[in-house]
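Please open the model in a viewer and keep the selection panel at hand.

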Amino acid sequence: MSIPSGMSAGRSGPHRALRTDSAGAVYGSLLATSVVATATTVGDRPRLHLILLLLVTGLVFWATHVYAHLAGERVLGEPWSGREIRRVALHEWPIVEAAVLPAAAVALSALLDLDYWGTAWLAMGVSVAQQVLWACVGAARAGASRGQLAAEGVVNLFLGLIIVATKAALK
């Protein structure tokens, strides 16, 4: 059976059900938002610091997810195959990809003449927006009704705004 892009075969029941998978992108977007919200300026290159923090954190969480997935689904007595490692690594890669757009927003913030705080708010806005978008894409790919799609968007907007509100309260 051919599986459309962005979908994976589930393993439950006698038939393999098609499932959407934008969980990594949603998770990575929440991660990126929280990195920006908790980052502090260090040294004389705060934009570079924030870009590196976003990308390195994304990579570390990706590697952690890959390892946790492999260790959690290990078949007793069998070592991991290169094929399985690649499959899991590719499956979890959206966690890293979700850090790229906020990092790009940070890099471009200098062109907009934003200070560090303006840069952080721009990056958080981009992170929350992509989180909501990926949640809605996942819902749409799953055939969700308009109401379900709207609910996915609202829930993810709420989750992102919790982090933004925390940032605002701590400033």
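This is a predicted model: local features need pLDDT of at least 70, side-chain atom pairs count only at pLDDT 80 or more; totals for chains, interfaces and linings use all residues.

Is Asn156 buried or exposed, and what is its relative accessible area? Asn156 is buried, with a relative accessible area of 6%; buried denotes under 20% relative accessible area, exposed over 50%, and partly exposed the range in between, computed with a 1.4 Å probe on protein chains only.

Residues are numbered from 1 along each chain as its sequence is written, and side-chain values use heavy atoms, with hydrogens and water left out.

**The whole chain**

Six helices and two strands are present, in the order β-β-α-α-α-α-α-α from the N terminus. Of the 171 residues in the chain, 32% are buried. Contact here means heavy atoms within 4.5 Å; among contacts between residues at least 6 apart in sequence, 65% join residues at least 24 apart.

Return to Asn156, which is found in helix H6. Setting aside neighbours within four places in sequence, Asn156 is in contact with Val26, Gln131, Val132 and Ala135. The buried residues of H6 are Gly153, Asn156, Gly160, Ile163, Val164 and Lys167.

The axes of H5 and H6 are 8 Å apart, and the two helices pack at an angle of about 160 degrees. H5 is therefore roughly antiparallel to H6. Axes are lines fitted to C-alpha atoms, for helices over the stretch in contact, with angles from 0 to 180 degrees between N-to-C directions; angles under 35 degrees count as roughly parallel, over 145 as roughly antiparallel, 65 to 115 as roughly perpendicular, and the rest as oblique. Residues making this contact include Trp117, Trp121, Met124 and Val128 of H5, and Leu149, Glu152, Gly153 and Asn156 of H6.

Next, pick Ala140, which lies in helix H5. Ala140 is partly exposed, with a relative accessible area of 44%. Its C-alpha atom is separated by 9.9 Å from that of Glu152, twelve residues apart along the chain.

Select residues 46–72, which form helix H2: 27 residues reaching 38 Å from the first C-alpha to the last, close to the 39 Å expected at 1.5 Å a residue. The buried residues of H2 are Leu50, Ile51, Leu54, Thr57, Gly58, Trp62, Val66 and Leu70.

Show H3 alongside. The axes of H2 and H3 come within 9 Å and cross at roughly 135 degrees, which makes H2 oblique to H3. The contact is made by Trp62, His65, Val66, His69 and Leu70 of H2 and Glu84, Ile85, Arg87, Val88, Ala89 and Glu92 of H3.

**The nonpolar core**

Display side chains for the following stop. A nonpolar core is a set of buried Ala, Val, Leu, Ile, Met, Phe, Trp, Tyr and Cys residues joined through side-chain atoms within 4.5 Å. The largest such core has 27 residues, of which Val36, Leu50, Leu54, Trp62, Val66, Val106 and Met124 touch the most other members. H5 gives the most to this core, with seven residues.

Centre the view on Val106. Leaving aside neighbours within four places in sequence, Val106 is in contact with Arg47, Leu50, Ile51, Leu54, Thr119 and Ala123.

Select Leu108, which is found in helix H4 and is partly exposed, with a relative accessible area of 48%. Leu108 and Leu122, 14 residues apart in sequence, are 9.9 Å apart in space, C-alpha to C-alpha.

Finish at Asp113, in the loop between H4 and H5. Asp113 is exposed, with a relative accessible area of 72%. Asp113 has a positive phi of about 60 degrees although it is not a glycine. Most residues other than glycine have a negative phi.

How values were computed
Helices (H or I, at least four residues) and strands (E, at least two) are DSSP runs, numbered from the N terminus. The expected span of a helix is 1.5 Å times one less than its number of residues.
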